[in-house]
Number of protein chains: 2
Amino acid sequence: MHYELYYWTGIQGRGEFVRLALEDAGAAYRDVAREEGDAALQPFLDGGQPGMRPFAPPFLKAGRLLIAQVGNILHYLGPALGLVPDSESRRMQALQLQLTIADLVTEIHDSHHPIGSALYYEDQKPEARRRAEDLRTQRLPKFLGYFEQVMSQGGGRHALREHSYVDLSLFQLMSGLDYAFPSAVKKLSPKLPHLRALQQRVSERPAIAAYLASARRLPFNDNGIFRRYPELDG
Amino acid sequence: MHYELYYWTGIQGRGEFVRLALEDAGAAYRDVAREEGDAALQPFLDGGQPGMRPFAPPFLKAGRLLIAQVGNILHYLGPALGLVPDSESRRMQALQLQLTIADLVTEIHDSHHPIGSALYYEDQKPEARRRAEDLRTQRLPKFLGYFEQVMSQGGGRHALREHSYVDLSLFQLMSGLDYAFPSAVKKLSPKLPHLRALQQRVSERPAIAAYLASARRLPFNDNGIFRRYPELDG
């Protein structure tokens with residue numbers, strides 16, 4: 001199967017969770033907007049293409065299928081790319097964890113955009129400061145402690161006892177947090193030994209290491225989900 | 001199959017999306033916390049039970065399976081309850097739409113809790129006023145316009161050309177918005193004829209009508225996701 005990934009250019013964003021799965025598996029894919037520009041997304045967002053209209057990027061074309069929502073895309077790709085355990089019950093566990101990661105990703109985004117995603121950060125700085133404090137002190141410890149315990153109960157090396165797209169997403173989550181909240185995450189790290197070791201191991205997987213060293217991996221920047229605004233890092 | 005639903009007592013909350021599916025299908029289920037109190041959830045949230053630990057309610061026990069995250073639960077229940085089209089591609093479309101509904105539900109929640117979900121509304125009222133304005137003027141028109149167009153392209157009667165759990169969730173979404181943002185939704189309604197007609201039709205389905213008339217359907221209240229704070233309705 002030759003895939004087509006559609007996501008905004010210029011940022012890693014939510015598209016990166018899909019990109020990491022495709023890269024790790026060595027899948028053949030085209031990153032369409034990076035070749036053709038963001039305008040390539042519009043006909044799909046306008047609902048003018050066959051298949052279920054996506055509300056937002058990322059979305060994936062796989063043959064005649066058009067699939068949107070990160071969790072849904074990875075749930076589809078998992079078996080095809082060998083990135084999820086075989087059984088239906090384990091597939092559901094993977095989706096459960098991925099949707100929980102997605103919830104945290106939204107909260108991280110909202111830490112710099114608590115009032116409106118279409119407004120500038122500069123127009124919501126005092127609110128962002130309050131929200132980020134709540135994220136650092138309440139939400140991050142709760143979510144990351146949860147993923148740490150899930151890993152611990154599963155033997156410590158993986159989210160699901162074997163390699164899966166969830167491990168790749170946890171790598172991306174931790175890497176983004178290292179960029180955006182270096183001080184907050186450093187404080188939490190002693191309680192997250194499994195997550196930290198997983199992050200390291202994923203970065204050393206040959207296909208991932210090659211991807212991270214390539215130009216296809218955009219650096220984190222302050223237009224994406226993970227933004228380094230020191231005033232939000234406490 | 002006899003199901004056990006676990007969700008906080010006292011509110012409809014995210015549990016209601018699962019409850020509506022179980023009720024519509026006439027499934028045998030126990031609403032455990034309503035019988036035993038919220039304490040019944042804790043052993044699962046603490047990770048002391050078999051299966052993948054849930055990050056938060058709702059979660060469902062189905063035999064030996066323990067399943068969390070609304071979209072994941074409905075993706076599982078869909079085929080078992082006859083609430084999703086048969087084909088894999090249609091199942092993915094259902095999940096895509098359900099996850100998009102979940103995104104909007106989070107945004108609706110955050111309109112009264114833009115700073116922190118553990119803080120009181122009274123501690124974030126000015127921020128809530130700004131966020132709710134963004135929800136009313138930007139996000140609701142965009143999301144509801146999307147669902148309206150999806151229905152329109154699918155023939156107008158259903159989200160997926162036939163009855164599914166997505167229709168039930170759209171009913172719940174519109175009903176909650178009627179409670180929380182009566183004025184804002186009234187203004188948008190002329191552009192949402194299919195959603196409005198769907199909401200009415202779902203409410204008239206015999207099993208749903210019986211459920212809505214029962215004591216099992218809690219009234220909306222100002223502890224849940226959908227809250228009637230007139231100052232947020234513009």
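Q: What is the order of the strands in the open sheet of chain A, and what is the pairing?
A: This is a predicted model. In chain A, 4 strands make an open sheet in the order β2-β1-β3-β4, and the pairing is mixed.

Q: Which strands of chain A stand at the edges?
A: Look for strands with a single partner. In chain A these are β2 (28-31) and β4 (65-68), so each has one side without a neighbour in the sheet. On average, neighbouring strands of this sheet are turned by 20° against each other, with direction ignored.

Q: How many bridges join β1 to β3 in chain A?
A: A strand pair is read from its bridges and from the direction in which the strands run. Strand β1 (residues 2-6) and strand β3 (residues 59-62) of chain A are joined by 4 bridges and run antiparallel. One pairing can be picked out: Tyr3(A) has Ala62(A) in β3(A) as its bridge partner.

Q: Which strands of chain A does helix α1 touch?
A: Helix α1 (residues 15-24) of chain A packs on the sheet and touches β1, β2 and β3 of chain A. The direction of the helix makes about 160° with that of β1(A).

Q: What is the strand order in the sheet of chain B?
A: The reading goes as before. The 4 strands of chain B form an open sheet in the order β2-β1-β3-β4, with mixed pairing. Here β2 (28-31) and β4 (65-68) of chain B are at the edges with a single partner strand each, so one side of each lacks a neighbour in the sheet. Strand β1 (residues 2-6) of chain B runs antiparallel to β3 (residues 59-62) of chain B, and 4 bridges join them. Within β3(B), Phe59(B) stands opposite Tyr6(B).

Q: Which strands of chain B does helix α4 lie across?
A: Helix α4 (residues 70-81) lies across β1, β3 and β4 of chain B, at about 125° to β4(B). Helix α1 (residues 15-24) of chain B lies across β1, β2 and β3, and runs at about 160° to β1(B).

Q: At what angle do α1(B) and α4(B) pack?
A: A helix pair is described by the angle and the distance between the axes. For α1(B) and α4(B) the angle is about 5° and the axes are 10 Å apart. Angles under 35 degrees count as roughly parallel, and the two helices α1(B) and α4(B) are therefore roughly parallel to each other. The contact is made by Phe17(B), Val18(B), Ala21(B) and Leu22(B) of α1(B) with Val70(B), Ile73(B), Leu74(B), Leu77(B) and Leu81(B) of α4(B). By class there are 9 nonpolar residues, no polar and no charged ones.

Q: At what angle do the axes of α6 and α9 of chain A cross?
A: The axes of α6 (residues 125-153) and α9 (residues 193-204) of chain A cross at roughly 80° and come within 8 Å. The helices α6(A) and α9(A) are therefore roughly perpendicular. Residues of this contact include Phe147(A) and Met151(A) of α6(A), and Leu195(A) and Leu198(A) of α9(A). The contact of α6(A) with α9(A) has 6 nonpolar, 2 polar and 1 charged residues.

Q: Which residues of chain A does the annotation "domain: GST C-terminal" cover?
A: The unreviewed UniProt entry places this annotation on residues 87-220 of chain A. That span is 72% helix and 0% strand, and its end C-alpha atoms lie 35 Å apart.

Definitions and conventions:
Residues are numbered from 1 along each chain as its sequence is written. Chains are lettered from A and ligands numbered from 1 in the order in which they are written. This is a predicted model: local features need pLDDT of at least 70, side-chain atom pairs count only at pLDDT 80 or more; totals for chains, interfaces and linings use all residues. Side-chain values use heavy atoms; hydrogens and water are left out. Axes are lines fitted to C-alpha atoms, for helices over the stretch in contact, and angles run from 0 to 180 degrees between N-to-C directions. Angles under 35 degrees count as roughly parallel, over 145 as roughly antiparallel, 65 to 115 as roughly perpendicular and the rest as oblique. Contact means heavy atoms within 4.5 Å. Ala, Val, Leu, Ile, Met, Phe, Trp, Tyr, Cys and Pro count as nonpolar, Asp, Glu, Lys and Arg as charged, and the others, Gly among them, as polar. Two strands pair if DSSP finds at least two bridges between them. UniProt positions are given in the numbering used here, feature names are shortened, and annotations may be inferred rather than shown by experiment.
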